[in-house]
Amino acid sequence: MSLPHAILTALLEKPSSGLELTRRFDRSIGYFWSSTHQQIYRELGKLEQAGRIRALPTAAPARGQKKEYEVLPAGREELAAWVALPEDPRPVRDPLLLRMRAAAVVGVNGMGAELRRHLALHESQLEEYLGIEERDFTPAPTTGEGRLRHLVLRGGIDLETFWIGWLTRAIGELDD
């Protein structure tokens with residue numbers, strides 16, 4: 001399961017509270033691995049119970065005070081072991097592709113509008129990714145850590161570019 005590993009990664013980058021983690025997920029990791037706030041909090045509890053993270057001690061315990069978590073050595077070892085595991089690519093499971101296959105059987109009524117809607121969504125996401133690249137990766141990073149983060153973003157940019165090209169072609173073929 002990758003959510004615990006995404007959380008361990010985020011906590012190793014910076015010890016955080018559950019709320020801070022969910023905000024960071026929304027701004028970065030969530031672009032390629034989405035999760036609800038409830039899932040994040042549930043996983044924090046499981047990781048703490050498994051001895052992979054701990055809540056940092058606070059100066060004065062107070063009811064309702066947010067906990068800030070850090071990764072313990074067992075959590076770092078778990079993450080390092082997971083990074084080293086081989087994993088095959090997953091097949092694409094996109095409902096739009098299945099709907100297009102169904103449209104080939106029942107007719108393309110409304111499919112053009114849906115393809116245009118998807119095109120606009122991918123164009124918007126690409127614009128957002130390019131903005132992040134401009135803001136966070138100009139000039140290009142020179143450290144290994146920075147380069148890896150940039151490569152993840154470039155993967156998102158390349159995927160959005162693929163979808164924009166494919167959708168443009170599909171729309172053109174439907175309009176013929």
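Modeller: A search of the whole structure finds 16 salt bridges, a salt bridge being a side-chain nitrogen of Lys or Arg within 4 Å of a carboxyl oxygen of Asp or Glu. This is a predicted model, in which local features need pLDDT of at least 70 and side-chain atom pairs count only at pLDDT 80 or more, while totals for chains, interfaces and linings use all residues. Residues are numbered from 1 along each chain as its sequence is written, and side-chain values use heavy atoms, with hydrogens and water left out.

One of the salt bridges joins the side chains of Glu78 and Arg52, at 3.6 Å from N to O. Glu78 belongs to helix H4 (residues 73–84) and Arg52 to the loop between H3 and E2, so this pair ties together parts that are 26 residues apart in sequence. Helices (H or I, at least four residues) and strands (E, at least two) are DSSP runs, numbered from the N terminus. Both partners are partly exposed: Glu78 has 26% relative accessibility and Arg52 has 27%. Buried means under 20% relative accessible area, exposed over 50%, and partly exposed in between, with a 1.4 Å probe and protein chains only.

Leaving aside residues up to four places away in sequence, Arg52 touches Leu8, Leu47, Glu70, Val71, Leu72, Ala74, Gly75 and Glu78, where contact means heavy atoms within 4.5 Å. The C-alpha atoms of Arg52 and Leu79 are separated by 9.6 Å, with the two residues 27 apart along the chain.

A second pair is Glu114 with Arg99, whose closest N and O atoms are 3.2 Å apart. Glu114 is buried at 13% relative accessibility, whereas Arg99 is partly exposed at 40%.

Arg154 is in helix H7 and Glu133 in helix H6, so parts 21 residues apart in sequence are tied together. Here Arg154 is partly exposed, at 28% relative accessibility, and Glu133 is buried, at 15%.

Finally, salt bridges also link Glu13, Arg24, Glu145 and Arg149 in a network.
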